[in-house]
Amino acid sequence: MWKHKSEEIILILTFLLLISNLCWLMSPKRVKECNNDKKNIQIFLLAGQSNMAGRGGAIKKSIGGNTTEVWDGFLPKECKPNKKILRFNAAQKWEEAHEPMNYGIDCLVSCALGPGMAFANEILKKDSEFDVIGLVPCARGGTGIYRWRRGSYAYDDLIRRAKSAEKDGGTIRALLWYHGEGDMRTKNGSSSYKSNFEKFVHDLRSDLQSPNLPILLAVLPYPKKPFEGPYIEELRAAQMGINISNVIKFDAKGLEMGRDGIHLTTPAQVQLGRMFAHAFLSLKNFRSRTTFSFYKFFPSNIFS
């Protein structure tokens, strides 16, 4: 009897802890410096699959007798909060940005570190003209490219959040896209990726009434075992073959994978964020260019 009551108490306490964490993470944090400058927010949409949602530092932990993934809490200096970086949370309110960036959008306990904060901090470091950066997380883990068609939940939610984020006068500057982990597993997914992605870009620009919206596209790196991605070459070729104006591609080959062989480690997420930043900043110098690799600028020992 006492054993069962003890288990009930533990479950209740665990539930209350999760609820309190959720309330803390979801509650908007006032950023006084930005209250009167919403019209100047430079908005970036973050979309794709689980690596964009953030799995850096995800570890398995037993909670209430169940094993789940939680963030280890390690925060690199490149991902520290900054009063000039905001996050559009699940309640569609601007708050001071913090990791886990995608919390409440696609995941709860299992959310971990993604590329968003490293991206924004690198932009502010390299370009002083940016006043306030607004990050709008919209990533959805496990979504094939077909689940980003107009009319799907992932796509429609992206459009809703984007329009809501700019309603106070902010300007959408670009969409960051890291996607394809699921499509590399099937022949149909990889072979149809190019046409599906081009349709996605066309619809996105049309629905946001932004015909030249920059799209920053990471060409996926190679996975490692135990993950099976038999059509990775076809998927990479499809991504490299995308030829649309203002779609800026960069090769993420070489980024470090975690033990599962597909999710990026924390250092790799930092590298990815910086790659996205350099891709965006390159728009000042050109509007269309062939694929190039940033990995040479980020040797594997840069974070050691």
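Author: Let's begin at the hairpin of strand 2 and strand 3, which has two residues between the strands. There, Gly 64 takes a positive phi near 60 degrees. Strands here are DSSP runs of E with at least two residues, helices are runs of H or I with at least four, and both are numbered from the N terminus. Bear in mind that this is a predicted model, in which local features need pLDDT of at least 70 and side-chain atom pairs count only at pLDDT 80 or more, while totals for chains, interfaces and linings use all residues. Residues are numbered from 1 along each chain as its sequence is written, and side-chain values use heavy atoms, with hydrogens and water left out.

Strand 2 and strand 3 (residues 66-71) are paired in the antiparallel sense, over six bridges; two strands pair if DSSP finds at least two bridges between them. Ile 63, for instance, has Asn 66 in strand 3 as its bridge partner.

Two elements give two or more residues to its lining: strand 2 (58-63) and helix 8 (266-281). Strand 2 gives the most, with three residues.

Which residues lie nearest the centre of the second largest pocket? They are Arg 55, Ala 58, Ile 59, Gly 258 and Arg 259, out of 17 lining residues. By type, the lining of this pocket divides into five nonpolar, six polar and six charged residues. In this scheme Ala, Val, Leu, Ile, Met, Phe, Trp, Tyr, Cys and Pro count as nonpolar, Asp, Glu, Lys and Arg as charged, and the others, Gly among them, as polar.

Finally, a few backbone details from the loops. A cis peptide bond joins Glu 99 and Pro 100, with omega about 0 degrees; Pro 100 is in the loop between strand 5 (94-96) and helix 3 (116-126). Another cis peptide bond joins Lys 225 and Pro 226, with omega about 15 degrees.

How values were computed. 1 Å grid on protein atoms, 1.4 Å probe; cavity = no way out; pocket = protein on both sides within 12 Å on 5 of 7 lines; lining within 4 Å.
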